[in-house]
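Please have the sequence and the model at hand while reading.

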Amino acid sequence: QRASSEAVEIAEWAWLALYLITRLRAEAVPDDGLDSLYRSEYIDAALSYIPLFWDDETLDWLSGTSLRDIHLLDVHVAIETEYHKLVYLAPGVQDSVPAIEFKKWSMVVMSRGERMEMPDRADP
C-alpha cells in the first residue's frame, strides 16, 4: 500500500468484483468442463448483450442516444476509475487481474444490484 495524505475510497461493487474474481480463482479446478464453461462461455455470452462490451460497429446502432453518449461512458469511467484506485493501493492487482476481467466481473456484480456494508474506519 502506498502512503498518501488523502484516503482512497473504493466503491462497494469494486470490492465485491475483486472478491468474486479471487474466490472463483481459488475454487478453480483444472479441466472441470462444466464449471469452466459456466465461468467463461456462459458469462461471456451473457455479457455480450451488454453494450459496454460491444464493438464500435455495433455501438453505432446507439449513436445519438443517451444510453451511448451518457450512460455507457459513465459506467466505463466508473469501472476504470475503481480499477486504477485498486492498482494504486495494491500494485500487484494490475499483474494478477487484467482490466478487462475486472470490467467483466464488475458488470456481473452491478447487474445483480449487490451491495455490502463496509466497516467504518473511523469507528472500529
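A nonpolar core is a set of buried Ala, Val, Leu, Ile, Met, Phe, Trp, Tyr and Cys residues joined through side-chain atoms within 4.5 Å, where buried means under 20% relative accessible area, exposed over 50% and partly exposed in between, with a 1.4 Å probe and protein chains only. The model is predicted, so local features need pLDDT of at least 70 and side-chain atom pairs count only at pLDDT 80 or more, whereas totals for chains, interfaces and linings use all residues. Residues are numbered from 1 along each chain as its sequence is written, and side-chain values use heavy atoms, with hydrogens and water left out.

**Nonpolar core**
- The largest nonpolar core has 29 residues, of which Leu 52, Ile 79, Phe 102 and Met 107 touch the most other members.
- At least two residues of this core come from each of helices H1 (12–27), H2 (33–47), H4 and H6 (99–112), helices being DSSP runs of H or I with at least four residues, numbered from the N terminus.
- Leaving aside residues up to four places away in sequence, Leu 52 touches Leu 72, Val 75, His 76, Ile 79, Lys 103 and Met 107, a contact being heavy atoms within 4.5 Å.

- Glu 82 lies in helix H4 (residues 66–89) and is buried, with a relative accessible area of 8%.
- Beyond residues up to four places away in sequence, Glu 82 touches Glu 9, Ile 10, Ala 11, Trp 13, Ala 14 and Phe 102.
- The side chains of Glu 82 and Lys 85 form a salt bridge at 2.9 Å, N to O, the term requiring a side-chain nitrogen of Lys or Arg within 4 Å of a carboxyl oxygen of Asp or Glu.
- By this rule the count is 1 salt bridge.
- Both partners, Glu 82 and Lys 85, lie in helix H4, 3 residues apart, or about one turn of the helix, and Lys 85 is partly exposed at 23% relative accessible area.
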